[in-house]
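Here is a short report on how two chains meet. Look over the sequence and the model first.

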Amino acid sequence: MITSAVFALVAGLLVILSRQVNGRLSLSSTPLISSFWNHCVGFVVLSALALAIGGLLPSNAGEIPWWVFTGGALGVVFVASSSWLLPRIGAVNSTLLVIAGQMVCGVVFDMLRGEPVTLWAAGLGIVMILAGMALTQRRG
Amino acid sequence: MSFPSAPRANPLHLLAAFATGGLLSLAVFINGEAARYGGPMFSSWLAHGVGMVVSAIVLAVIWRRQRAAKAAAESEAGKAPLWAYIGGVLGAATVMLTSTAVNSPLALAGTLALGLVGQVVLSLAADFWGLLGLPKRRLGWRDGAAVLLIGGGSLVIILFGLG
């Protein structure tokens, strides 16, 4: 449990570290070039790891619907736009506003899919998030 | 080497960052579907492979403009240090850590909540000290209040709102 908690916490640190590193690369190139290297290096590392461990490709790979393959394309836009934003609005604003979009859209998305959503908590959370977003906009 | 301080977010930035987050929630759902077929490692491998091909194609199409922009950026910020290329390694490690944590008693909610805490803490440090060659930003009370509202609101949704 403690190990898992540390894993989850470190994962959060790595998200930001990776964003900073990609943001630094895009300062000396472009957001799209930075996104390309991010995916290229990640692909090489994961391929090497998969070769070492084995059993990467699922036996039912042929049944995977086409749209499941579009996740990587969204990732390209995600990394490029994060790299573009970071030097412009800083790490805290990037993190907060991206999380805000993820949470609010996540709730809407779950509701559209008919997943169970506890309305009072989702509503309260969204109101708090929107208020926080307004605070990022004015000079402090 | 020094970079100017990052300015405040304006409405265009807010919209772009919010949309980026929305895109992320869609990507998380899609990659989660891939993981249902072949596990988290396969899902991440697939997303990185597809991302590599897609970005290479787009780069090839607009290469002339990208090359000019890169040359301009390099003359201003200098050549990128070698460590600036390891973002993909960090991303790959993130997938392994989170997929382990999700399958522990923490479950998805606990993993997301702790990950959010980690993200906010390191972002504050990154702005405060200007970590990894990016601009420093002075943090004021508004940043603190925004952290509490957005972080708190997200925790309320993660811990009580879903399911």
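The report covers the interface, then the chain B side of it, then one serine.

## The interface

This is a predicted model. Chain B brings 116 residues to the contact, and chain A brings 107. About 10,000 Å² is buried between the two chains. Carbon and sulfur atoms give 78% of that area.

Polar links are present too. Between chain B and chain A, 13 residue pairs are in polar contact, both partners at pLDDT 80 or more. The salt-bridge count across this interface is 0.

## The chain B side

Five helices of chain B give two or more residues each to the side that touches chain A: H1 (11–61), H2 (63–77), H3 (87–102), H4 (107–129) and H5 (141–161). H1(B) gives the most, with 39 residues. By class, this side of chain B holds 75 nonpolar, 32 polar and 9 charged residues.

## Domains of chain B

Chain B splits into domain 1, residues 10–80, and domain 2, residues 104–163. Their centres, taken over C-alpha atoms, are 22 Å apart.

## A serine pair across the interface

B:Ser104 sits in the loop between H3 and H4 of chain B. Is B:Ser104 buried or exposed? Its relative accessible area is 14%, so B:Ser104 falls under the 20% cut-off and counts as buried. The side chain of B:Ser104 also reaches across to chain A: a polar contact of 3.4 Å joins it to the side chain of A:Ser4.

Methods:
Residues numbered from 1 in each chain as written. Chains lettered and ligands numbered in written order. Predicted model: local features only at pLDDT ≥ 70, side-chain atom pairs only at ≥ 80, totals over all residues. Heavy atoms only, no water. Contact = heavy atoms within 4.5 Å. Buried area = accessible area lost by both parts, 1.4 Å probe. Salt bridge = Lys/Arg side-chain N within 4 Å of Asp/Glu carboxyl O. Polar contact = N/O pair within 3.5 Å; in protein donor to acceptor, adjacent residues only side chain to side chain. Helix = DSSP H or I, 4+ residues; strand = E, 2+ residues; numbered from the N terminus. Nonpolar A, V, L, I, M, F, W, Y, C, P; charged D, E, K, R; others polar. Domains from an automatic or database assignment. Buried < 20%, exposed > 50% of the residue type's maximum accessible area, 1.4 Å probe, protein only.
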